[in-house]
Amino acid sequence: LKGAPPPAVTPEPPRGHGLPRAPATMYDAKQMFRDDGSYDFKKREDWDYKHTYDYMAGWLGQEKTEAEKKRKKKLGTTDTQAPPIPLDRALADSIEKTARYVHRSDDPNVFERLVQERNRGKPGWAFLEEGGEGHDYYRFVRHCYEREVDPRPLAEQARRVKEDRDKKQANARNNVFTAGMGAETPKLKEPVFKAGELMEVIGIKNKPDYNGKIVRIARYHPEVDRYEVKFEGGRYDTVVVKLREENLMYSSVTERDPDAEKEMPEGEIPNGTRVDIRGLQSEAARWLNGQKGVIVQWDKDTERYEVRLDVNNDIKKVKAANVRVELPEGWEEHYDEHLQRSYFLNTKTQKVTWKHPTVANQRAKFGQVKENNIEDLEGVEIDADRKVYDVDDEEELEGGFNLHELVKKVEEQEERREAAAEAGEDVDSDDGMHCAKKKRKKNKKQEVTVEMLQAKVSELLDQTMGKRVTLRKDYTLLEGNVVAKDMDPIMDQWEADPEATGELLQSTYEVMLGLLEKGLVLMSQVRKSRLQLLEMGKIIDRITTADPKQLLADAKWVHALLKTM
């Protein structure tokens, strides 16, 4: 049309200083124009400069920076096991020298191929070829130089371990011992192994369970040519025995693994508890009655405790009914004929408890949650005004009441009851110690179900998805004690800094919700879990409003509960 303005043509923006051009979607082209419609080349150049800088230094450089951080974090450690150092020490020196030059070169891989090509087929250079003599040691030395670790001590120790293992295994197969073979041995002999070293037991005939176990050298007895060793972890933990040099060899394990002990199943009586064996009737097992030992673990398949005997360190499987926990010094066991149950009296403090003091103390050490199988009290008539004694407010686990004071108080109340009866006053018929009052029925509370609590937890978890400081994990296929480990680092942070920051509080909140979600799933599989459900319901109701002290207490409770599931 005549007089119509020509269509606007958007000028092609310049590439700017020859730098890589960014995709059009990474910037708003409309912002590059002035108010009068002209193109602002200065603004585009500024954008190109900033974009190119971020693109090159921020994006492409990030991967390299992260790799460098990981490398520095691993300095001083090795990922591969040290091979035995070559017997030819001249070859070992040549390997280390070559690896040092290769490591210091600008491009180690290129330089290594160059050295390999120039020395191919020459004597003493086979370590550069795959499968050649010393090749394993060469690769290990290269790895050590990258991690700034001295390879020589590690390889020499590996050589000693290999030679000792080969010798001991050959002797065990051939039933041959290197000591005492015809020739008279000196009376006093210098020890081969040092105190504190970790060793592996081998070649024990009369105690085959000892073989393969890890022990620590305590001392050497030259008069009998035996090493006193102490077992580290496992079923024979803390057992001390004396073994020959032929029955010990260097272990590839450098330190004790505490996680291995956690895998041992535990019954109602904690592992490590001292017990007596009683009540066995069979002819073959009667000799065990009266024997003392230590609980090793609970065998779920046979439903028996594994007990390590003090007399010979043998491990026997005994039913729970035939195991009696030893009482600590100063405690006595008594039987209440009226209640048909035993109670325990501390003769020094006169404190009384229904719970066995040894089991109670062992459980308290680990902070484990125990299920209290109290029957449901809903619908039971309860006298709200009923008089209580001081003992009613005490926790059974703690004991805490004085038996003599309790007896004295009951006698005084009995005298008052008799005096009231003589005066013609009414007395309550339940215990005869106070005036009868009208009873009322306890209001029935709404039943707490797993489904109800799961719905609340799911809603709270959905609310955290907008801004979380921790990853939400899927615990579907994991056991409760494995899930509980996610709370361990958070508890360590609380111990290091009791004045929690906002991020630590948020982490505790999010991880505790995940543990509650898993705990409710497992709780649905437990028959008697009403008390735990009630407590979990209280925690869920107050979790969003709890102060830091209450949040930490609730997190510890949930953490301990998941450890037992």
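Buried here means under 20% relative accessible area, exposed means over 50%, and partly exposed is whatever falls in between (1.4 Å probe, protein chains only). With that in hand, take Glu-412, which counts as partly exposed because its relative accessibility is 36%. You'll find Glu-412 in helix α8, residues 403–422; helices (H or I, at least four residues) and strands (E, at least two) are DSSP runs, numbered from the N terminus.

Before going further, a word on the model: it is predicted, so local features need pLDDT of at least 70 and side-chain atom pairs count only at pLDDT 80 or more, while totals for chains, interfaces and linings use all residues. Residues are numbered from 1 along each chain as its sequence is written, and side-chain values use heavy atoms, with hydrogens and water left out.

Back to Glu-412: together with Glu-411, Glu-415, Glu-418 and Glu-422 it makes a negative surface patch. Patches take residues with over 30% relative accessible area and no salt bridge, joining like charges within 9 Å and nonpolar side chains (Val, Leu, Ile, Met, Phe, Trp, Tyr) within 5 Å. A nonpolar patch of about 290 Å² comes from Tyr-101, Phe-111 and Leu-114. Of these, Tyr-101 sits in helix α2, residues 89–104, and is exposed at 51% relative accessible area.

Now for the salt bridges, meaning a side-chain nitrogen of Lys or Arg within 4 Å of a carboxyl oxygen of Asp or Glu. The whole structure has 30 of them. In one, Arg-147 meets Asp-79 with the closest N and O atoms 2.4 Å apart. That pair links distant parts of the chain, 68 residues apart: Arg-147 is in helix α4 (135–147), and Asp-79 is in the loop between α1 (41–73) and α2. Arg-147 is buried, at 10% relative accessible area.

Glu-232 pairs with Arg-216, closest N and O atoms 3.2 Å apart. Glu-232 lies in the loop between β3 (226–231) and β4 (240–243) and Arg-216 in strand β2 (214–221), so this bridge ties together parts 16 residues apart in sequence. Glu-232 is buried at 17%, whereas Arg-216 is partly exposed at 29%.

Salt bridges also join up into a network, made of Arg-274, Asp-276, Lys-292, Asp-310, Arg-324, Glu-326 and Glu-333. As for annotation, an unreviewed UniProt entry places a "domain: WW" at residues 325–359. The end C-alpha atoms of residues 325–359 lie 8 Å apart, and the span is 9% helix and 46% strand. UniProt positions follow the numbering used here, feature names are shortened, and annotations may be inferred rather than shown by experiment.

Note on methods: Areas by Shrake-Rupley, 256 points an atom, 1.4 Å probe, with all protein chains shown as cover. Lys, Arg positive; Asp, Glu negative; His and termini not counted. Charge placed at Lys NZ, Arg CZ, Asp CG, Glu CD.
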